[in-house]
Amino acid sequence: MIPKFIFTPDEKAQLFSFLEQSYLSPYKNYPGFSQEIRNLHHLVPSRFVEVCQDISQERASHQQKIHVIRNCPLDPVIPELDPEDPVSDKYLKKNRFISEAFLELFAQLTATPLLSYETRNQGDFFTDVIAIKKYSGQLTGFSDSELVFHNDRTAHKVRADYITLLGMRCPDDDLIYTGYVDGADIIRNLDPIHIDYLRQAHFFTVFDVFSRDMNKQLSTSEKHPILSNTHTIRYLDTMTCVAPEAPVEARDAFIAFKSAITRSQCKRHRILTGDLLTFANQDGLHNREKIDIINPESATSRWLLKTYAFKDPETAESFKPYWSNNRAGCVID
């Protein structure tokens, strides 16, 4: 994809110098860290403020739901993480938080409050897309595998409206792409009779292996529709199924939905180190494709810093009953 915005070297250096003024750890005191970044708004380069406003408008008008920003500020040192337990290793080795500060700034300037899960990485608002050795070959973002089309956290009751990925370490020689299919395009490829059945609760989704490991009580979701709102999708390929008692028309609609995904346009982006890729999670489906891997070892060290976000403060507030210990944005799942 063509980036919507590219930081000039001077803009990047200027923003880096502002962001490094924050000193709190987002992993120990997220509210304080977030407020530190909010206090820096008056120092942010105007071009970046304007592009964040443009992205918000394009999202609201459904004009564009996926965007790329290039040459973003990152931590000066990106540590190598232990593939056995990269999250614990990150807590030990990462003592600068420029990358987290930039993601927090982007969320604030697009008015999309961050979301976290109590049972995932201790409720961290900044998580990692990185291969964990025990999940090698499995269907989870924490593996070195390709990923089928899906929304993140499909089976969970609280799901992010937007996902943002920041390229921390992206091998130069390996071609790994993130694909994105817009929900509106999928619906355009469906007949009305199939849309009607897809909007009914005839389907369920099996929780992914990482979610089940984090919370042993999770197995399958409640029955749910695949389509809702204007073009919201709830689907994880191979893990979303038709309920046994569903009518045959729902099975036909399910087959038609899978065909519609294939017929829809797929935008692909190869995230480079310093790229920010942001897209609608519920209004589309995304995947991961490994097109050409020259060096498997370096490919497994690929590290993206990730945030989940609500589409606006009002939506975040509507999920207040799910907050864990009154910790705004951190949901019990």
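**Exercise 1.** Helix α2 gives the most to the lining of the second largest pocket, with 5 residues. Describe the second largest pocket and its lining.

The structure is a predicted model, in which local features need pLDDT of at least 70, side-chain atom pairs count only at pLDDT 80 or more, and totals for chains, interfaces and linings use all residues. Residues are numbered from 1 along each chain as its sequence is written, and side-chain values use heavy atoms, with hydrogens and water left out.

*Solution.*

Step 1. On a 1 Å grid over the protein atoms alone, a pocket is an open set of points where a 1.4 Å probe fits, with protein on both sides within 12 Å along at least five of seven lines; lining residues have an atom within 4 Å of a point.

Step 2. The volume, the space filled by probe spheres set on the points, is about 410 Å³ for the second largest pocket.

Step 3. The lining holds 21 residues, and Y30, S34, R38, P113 and L114 lie nearest the centre.

Step 4. At least two lining residues come from each of α2 (30-38), α5 (98-109), α11 (313-318) and β17 (327-331). Helices (H or I, at least four residues) and strands (E, at least two) are DSSP runs, numbered from the N terminus.

**Exercise 2.** Determine whether R153 and T238 are buried or exposed.

*Solution.*

Step 1. Buried means under 20% relative accessible area, exposed over 50%, and partly exposed in between (1.4 Å probe, protein chains only).

Step 2. R153 lies in the loop between β5 (147-150) and β6 (162-169); with a relative accessible area of 7%, R153 is buried.

Step 3. T238 is in the loop between β10 (232-233) and β11 (240-242); with a relative accessible area of 53%, T238 is exposed.
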